Amino acid sequence: VPAVRPISAVLPRDHCCLPYDDHDHALDALVGFARTGLERREKVVLLPRSAMTQIVFDRLRDTGIASDAVLASSQLVVAPADHHMVSGNRFDPGERIGLLMEGVRHALAEGFEGLRFAGDASCVADVRAGTELLTRYEYDVSPAFDQPLTMLCLFDSARFSATEIGALEDAHDIRIDLQPPTGRLETVTSTVQPRRCRIIGEIDGCNLAQLVEVVNRLAAHDDDIHLDLSELRFIDAAATGWLCRYARNLPSGRRLLLSAVSATTNQMIRILGAHQTPNLVIDGVVDNVRRHA
Amino acid sequence: VSSHHARGLDHDLLLYDDNATFAKELAAFFGDDPTPWDQHIVIAPRDRFLAFADLVPEVADGVVHIDAAEWYGRPVSALSRCRQLLRRHRDASRVRIVGDVAIGHDDCVEWARCESAINEVFADFPVSILCSYHSDVPRAVVDRARQAHPAVVESGVRFPNVSYREPAVLVPELRLDLPVPTGRPVVDVDLPAALSAVRREIEQAAQRARYGEAAIHDFLVAVTELATNALVHGGGAGRLQVWCDHRALHCEVNDEGPGLRDVLAGYRPPALDSVGGAGLWATRHLVDRLELLANEPHGVRAVARLSA
């Protein structure tokens, strides 16, 4: 039975899986997986489903994870799984494993710490005897983890039976749980103008993806992105840095407004040297250090 | 070494005994080939700055004075304030800063690490930093400072510092021994763990020990960052322990990862346009002590301590 871990706690040489019902979950997992790999100086190769490829790439760009420096160094590759995992309507486990091993060698030769590979294998379900071949592949790939390879396999639950999903899960060491194991983060978004979102709870590495999702949703509208932090109990340095980076990367004329910012969050922004970030507006600092929802 | 470089960092050491000597050395420092586009700043007690202003009022007229009492806090804050100054004066052809050091004996190791980090963090900035140490600064502070400056200044002349050691060599040697507390930890968990629940445990224990809300929050950030660091860089697992008594809040995170790769971890200001580097930098600002030590045979022992 695979162990259950959040995406932020995937370790080098882990073989993980995520059966998903919701495409947003696959997106969150791919982004979290890439983020940690890039921080660890691993080469990151993501193969989402064709329809998701541009969405994944845009999310990585919008969140500052796929920075110009990362792209210029070829540390990150995003390509459609359908074209790379299946060729000529056939799926060859041995060939796939060979390509993975070659990918690891290339990554090391390029000076990276290893290869972090994520692929959506749902397309293999369309191949004749695809699920059996895929299950065999997931077992046969085990020796590859003697090399610095970390792998995340995604399966769309709608494309496989429950029994098939169970068998695929059993072939992995880790199953990803996207539910934040730490403090719950809840949000309340007003629909009247000016639109704003109240952030309730705590933000750390385990649920930063939720904050990213909320901010991106707000950014789909043309007005300022307004976050009310009056019920935010805790935010770590990475999440604070992400907010500041997001503001900095906004196009001219768009702003990220943070209201009811606690003195401690404001202090963190200053420590990060981000208090003069373009497009970031601190709209009110409150003195109380800890507030409870 | 007789004049300041056109570009890049100069980081010089000045030892002096009285305000008159201080004033003379500053007159030479700012009078050395000035241009109208340079920005001149002195961080010093008011009486020392006035001694300089009385000696050469025409030079002091163009110098910004910052009171040392407002400047110095935790040692690492000097790095972030220096970065702010350089950002504010990014249009200057060269920024010249005199920092009259006001650091006590308890902070001498951390201060020396910050002084050493300056050589790498600001290496590419067009800045001349003259660190002046009065003879009343504790001997232990001065002894370590001697190894962290590539040049020394005496009677207005710069000399190569034969005692200088590169940050990659000096910083790892500047270690503080922070012994493991003897009492029972209030938190002792394996990572990954539910950090929210860990924060609640620590918060309640610290409130019972009558720590202030701001101190508790700062410590909770430090604990979160050290745990996150173990998960991301330390092999993804580790052991988190926290002690709380009337003397200090003490956190230890031990991992078995590949070990510390960057001896200046937490001393480099995080870049605003990239991911990573913020956690240890923030932690150094929020606690009194942060030590990153090698675990045998591999891994890191990270210790954060916030005194009552």
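**View 1. The place of B:Pro192 is in the loop between strand 8 and helix 9 of chain B.** The model is predicted: local features need pLDDT of at least 70, side-chain atom pairs count only at pLDDT 80 or more, and totals for chains, interfaces and linings use all residues. Residues are numbered from 1 along each chain as its sequence is written, chains are lettered from A and ligands numbered from 1 in the order in which they are written, and side-chain values use heavy atoms, with hydrogens and water left out. Helices (H or I, at least four residues) and strands (E, at least two) are DSSP runs, numbered from the N terminus. A cis peptide bond links B:Leu191 to B:Pro192, with omega about 5°. B:Ala193 sits in the loop between strand 8 (187-191) and helix 9 (195-208) of chain B. B:Ala193 counts as buried, at 18% relative accessibility; buried means under 20% relative accessible area, exposed over 50%, partly exposed in between (1.4 Å probe, protein chains only). Between the C-alpha atoms of B:Ala193 and B:Gln204 the separation is 18 Å.

**View 2. A cis peptide bond joins B:Glu296 and B:Pro297.** Omega is about 0° here. B:Pro297 lies in the loop between strand 11 (289-294) and strand 12 (300-307) of chain B.

**View 3. B:Tyr133 is among the residues with the most contacts inside the largest nonpolar core.** A nonpolar core is a set of buried Ala, Val, Leu, Ile, Met, Phe, Trp, Tyr and Cys residues joined through side-chain atoms within 4.5 Å. This core has 87 residues. Its largest share, ten residues, comes from helix 10 (residues 213-233) of chain B. Not counting residues up to four places away in sequence, B:Tyr133 touches residues including B:Leu13, B:Asp100, B:Trp111 and B:His149; contact means heavy atoms within 4.5 Å.

**View 4. Another core, of 31 residues, lies apart from the largest one.** Among its residues are A:Val86, A:Phe91, A:Leu100 and A:Leu134.

**View 5. A:Asn89 has a positive phi of about 60° although it is not a glycine.** A:Asn89 is found in the loop between helix 4 (81-85) and helix 5 (93-109) of chain A. Its relative accessibility is 55%, so A:Asn89 counts as exposed.

**View 6. B:Ser155, not a glycine, has a positive phi of about 50°.** The loop that holds B:Ser155 runs between strand 6 (151-154) and strand 7 (157-160) of chain B. B:Ser155 is exposed, with a relative accessible area of 66%.
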